[in-house]
Amino acid sequence: MKTCVFGGGPGINIEKAAFIASDCDLVLAADGGADAAVRGGVIPSKVVGDLDSISQETMELLKQHNVPFEVYPCEKDMSDTELCLREVSESDEIILVCSLSGRPDHAVCNMLLALRLHEEGYNITITDGYSDFIPLCGEDMISIEGIQNPDELYISLIPFTEVSGVSTEGLYYKLNDARVECGTSYTVSNKLEEGSDAFSVSVKSGNMGVLIVPEE
């Protein structure tokens with residue numbers, strides 16, 4: 001089962017987000033993420049959060065569609081996005097649609113949240129419709145094929161801990177069983193090999209995020 005969670009924030013490609021949601025079995029929204037969903041013509045199955053950022057117009061529209069609201073107090077121990085993600089089964093493939101270019105605290109928190117959930121066994125990725133963030137934890141790997149416009153992308157490997165056994169295929173700057181320390185800029189702004197539309201990254205231990213970013 002594939003679940004799309006709208007986390008909201010500025011800078012989301014609404015058209016791409018709506019396309020992603022159309023391919024999912026379940027769509028949930030975390031508070032103001034419902035606004036982004038509705039702008040794309042998507043009616044979520046449920047809205048979760050303290051409702052301090054969702055617009056009144058969206059609330060009224062969703063009530064007309066009998067969408068349930070799971071309301072939490074503003075003073076709580078989790079963000080609305082985490083509360084919403086915790087509604088999803090670990091067996092689901094989760095795509096979190098949220099800003100990767102808005103408030104830096106929210107963006108970094110959501111990346112770390114994705115890493116934590118992936119450590120717990122969740123299959124989760126983050127996208128704003130432009131950039132994508134894929135967490136790798138422990139002995140792990142990703143393989144992505146059929147990339148559109150591969151010459152217009154940067155591939156950055158962001159270590160959140162010391163990461164060992166990092167190997168890549170299909171990238172211009174190759175790694176083979178490398179150790180990458182947290183805080184290094186060594187693995188930022190890689191590219192795909194010329195003529196390639198696929199790449200893979202594998203790690204043996206540690207936490208790393210693969211960030212796929214379009215050229216400006």
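Trainee: Is D50 buried or exposed?
Mentor: Keep in mind this is a predicted model. The cut-off for buried is under 20% relative accessible area. D50 comes in at 11%, so the label is buried.

Trainee: Which residue forms a salt bridge with D50?
Mentor: Look in the loop between β4 (69-71) and α4 (80-85), because the partner lies there, while D50 lies in the loop between β3 (46-49) and α3 (56-64). The pair is 26 residues apart in sequence. The closest N and O atoms are 2.6 Å apart, and the partner is K76.

Trainee: What does the salt bridge of K2 with D23 tie together?
Mentor: The closest N and O atoms of that pair are 2.8 Å apart. K2 lies in strand β1 (residues 2-8) and D23 in the loop between α1 (14-22) and β2 (26-30), so the bridge ties together parts that are 21 residues apart in sequence.

Trainee: Which residues are joined into one network with R86 by salt bridges that share partners?
Mentor: Start with R86 and E120, whose closest N and O atoms are 2.7 Å apart. Those two link distant parts of the chain, 34 residues apart. Through shared partners, R86 is joined with E82, R116 and E120.

Trainee: Which are the edge strands in the open sheet of four strands?
Mentor: The order is β8-β12-β10-β11, with antiparallel pairing. An edge strand pairs on one side only, which gives β8 (140-144) and β11 (178-180).

Key
Residues are numbered from 1 along each chain as its sequence is written. This is a predicted model: local features need pLDDT of at least 70, side-chain atom pairs count only at pLDDT 80 or more; totals for chains, interfaces and linings use all residues. Side-chain values use heavy atoms; hydrogens and water are left out. Two strands pair if DSSP finds at least two bridges between them. A salt bridge is a side-chain nitrogen of Lys or Arg within 4 Å of a carboxyl oxygen of Asp or Glu. Buried means under 20% relative accessible area, exposed over 50%, partly exposed in between (1.4 Å probe, protein chains only).
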